Amino acid sequence: REAFERFISKFKVSRFPPVEQHKISPIESYDEEIKNYIIGNQSVDKLRSVTYNLPFINDLDSILECLSTEEVVKWIHEDHILNAYLSSEYYTENAEITYRAKWDKTDRIYERRIKNYMLAFFNEKKWVRIDGKRYSPKQVLNALNSRKNIEFEDFVPVIDRDYIDAIASSLSIGKDEVEEIFGHFAFCKEVTDLSSNDFYGLLLKLPDYEFSKSSKLSSVIYRIIESSEFVKTFKGYENSENMTEFFKNGKVLVTFEKKNQYYPANKTYLPSTKIITDVPVLKKRQRSNNDIFVKIFGCKLYNYDFTIIKEKISVSKANEAFRRYYNEFKKYASAFRDSNENINKYFSRLTITLAESVTVKEGDRTIDVEDEYTCIRESAAKWYIIVHGEEYDINRTSEVIENIYDNISNTPGFDAGKLGELFRAKEESDRRFLIIKEFGSLDV
């Protein structure tokens with residue numbers, strides 16, 4: 001050990017700890033992934049044994065424990081064999097995994113490409129020092145190419161350009177070389193990539209932080225989770241202490257009592273066109289992937305229906321001016337018809353009316369909906385927006401227009417925000433510019 005520490009500090013020796021094939025007992029996450037694949041894909045009900053003979057460095061755990069982050073980076077930089085191993089997700093040679101099912105008399109060979117155990121080991125071990133504490137790469141948020149990730153540095157460990165520059169300076173090697181080395185490892189690309197305990201730990205902290213900042217961070221998290229990319233790849237968070245605590249006492253950002261605030265997640269509803277009364281509603285887009293918010297946050301779907309009492313609809317004085325403006329907007333918005341099957345289906349017969357109030361029946365209750373810029377759905381093609389007086393606010397109305405088109409599209413990934421931007425464009429030249437920017441020409 002002393003000889004190794006001398007070499008790692010001075011790098012005046014010609015030999016590094018060798019990478020050799022070892023029979024190993026792997027870390028739990030690696031072992032579990034291999035066994036799950038065998039059971040799920042190799043017609044095996046129960047495993048009796050799995051044997052791992054993999055390229056590895058003897059006593060690597062102890063070595064990493066006694067080295068600083070700078071020493072680890074310097075080692076990888078100087079040891080070209082180690083660097084080559086860490087730059088590949090899979091082994092290319094000298095790796096073998098065998099296994100026996102319950103009734104096997106001889107070993108079977110694991111024939112899938114074998115994931116690089118040494119890389120997995122580096123990703124799990126705490127060798128990255130940030131603000132005096134050591135973390136594994138999987139516990140650290142990567143802000144090298146993400147401005148939004150650096151905003152989470154008060155809550156989770158983050159690496160950024162300054163961190164890379166400091167290491168490069170201390171070792172007198174290039175910044176690009178240090179960044180390339182860090183690029184080998186599984187630092188979190190998004191805050192949602194954190195482990196269950198770390199992610200829910202963050203959620204538990206947000207409501208107690210400065211509201212102006214925490215509300216922005218909550219919105220960042222919600223946008224990630226409602227994206228189609230996240231939904232496609234999300235496999236669920238494992239049970240953890242902080243997950244249990246969050247589902248009991250955690251809070252989420254909502255709109256309630258005419259203001260944004262944090263409210264118990266298990267008493268919060270997800271956005272729905274069925275909601276026409278003041279209940280706590282998660283501050284996210286309307287129809288986007290609500291089911292995943294139920295799974296992750298424990299929020300509720302709103303399951304009460306209403307019917308509109310048509311003879312009690314009071315049309316707004318601003319409706320005529322809005323109707324003229326909206327009809328001009330539709331001439332350009334029609335370009336988006338081919339972008340979504342539902343938009344195309346309802347576009348021609350879609351009507352939106354500004355109303356002073358709309359009276360509805362929800363169960364045994366009769367409710368006068370009068371809160372400004374509340375959106376009320378009669379059908380997919382017929383909507384009302386509450387607006388008082390003779391004028392409507394174009395920005396607030398555009399947000400409701402976005403919600404309406406988002407609901408009609410009912411498709412993850414459809415960007416209704418572009419229709420909101422088009423609605424806010426008052427001049428014909430600005431509308432033409434936006435259509436050409438989006439579609440390449442006006443001939444759509």
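**Thr192**

I started with Thr192, which is buried at a relative accessible area of 6%; buried means under 20%, exposed over 50% and partly exposed in between, with a 1.4 Å probe and protein chains only. This is a predicted model, where local features need pLDDT of at least 70 and side-chain atom pairs count only at pLDDT 80 or more, while totals for chains, interfaces and linings use all residues. Residues are numbered from 1 along each chain as its sequence is written, and side-chain values use heavy atoms, with hydrogens and water left out.

I found Thr192 in the loop between helix H9 (175-182) and helix H10 (196-205). Helices here are DSSP runs of H or I with at least four residues, strands are runs of E with at least two, and both are numbered from the N terminus. What does Thr192 touch, not counting residues up to four places away in sequence? I listed Phe199, Ile224, Ile225, Phe230 and Tyr237, with contact meaning heavy atoms within 4.5 Å.

Next I looked up Lys148, in helix H7 (residues 147-150). Lys148 is partly exposed, at 34% relative accessible area. Leaving out residues up to four places away in sequence, Lys148 touches Glu190, Val220 and Ile224. I also noted Ile224 among the contacts of Thr192. From Lys148 to Phe336, 188 residues apart along the chain, I have 30 Å between C-alpha atoms.

Ser228 lies in helix H12 (residues 228-233) and counts as buried at 15% relative accessibility. I have Ser228 touching Asn289, Pro412 and Gly413, with residues up to four places away in sequence not counted.

**H8 against H9**

Back to H9, this time for its packing with helix H8 (residues 161-171): the angle is about 115° and the axes are 9 Å apart. The axes are lines fitted to C-alpha atoms, for helices over the stretch in contact, and angles run from 0 to 180 degrees between N-to-C directions. I have the crossing of H8 and H9 down as right-handed; that means the near helix is turned clockwise from the far one by less than a right angle, and left-handed means anticlockwise.

Which residues meet here? From H8 I wrote down Arg161, Tyr163, Ile164, Asp165, Ile167 and Ala168, and from H9 Lys175, Val178, Glu179 and Phe182. By class, this contact has six nonpolar, no polar and four charged residues. Ala, Val, Leu, Ile, Met, Phe, Trp, Tyr, Cys and Pro count as nonpolar, Asp, Glu, Lys and Arg as charged, and the others, Gly among them, as polar.

**H2**

I checked the length of helix H2 (residues 28-41): its 14 residues should span 20 Å at 1.5 Å a residue, and the end C-alpha atoms are 20 Å apart, so the two agree. The expected span is 1.5 Å times one less than the number of residues.

Tyr30, Asp31, Ile34 and Ile38 are the buried residues of H2. Seen down the axis, they fall within an arc of 100°, so they line one face of H2; the arc is that of the directions from the helix axis to the C-beta atoms. They pack against strand S2 (47-57), strand S3 (96-101) and helix H6 (117-124). On the face turned away from that buried side I found exposed Glu28 and Gly40. Just after H2, Ser43 takes a positive phi of about 55°.

**H19**

Gly440 follows H19 with a positive phi, near 90°.

**Positive phi in loops**

Most residues other than glycine have a negative phi, so I noted two more exceptions. Asp59, in the loop between S2 and helix H3 (60-65), has a positive phi near 65°. Asp59 is partly exposed, at 38% relative accessible area. Asn410 has a positive phi of about 50° and is found in the loop between helix H17 (394-409) and H18. At 41% relative accessibility, Asn410 counts as partly exposed.
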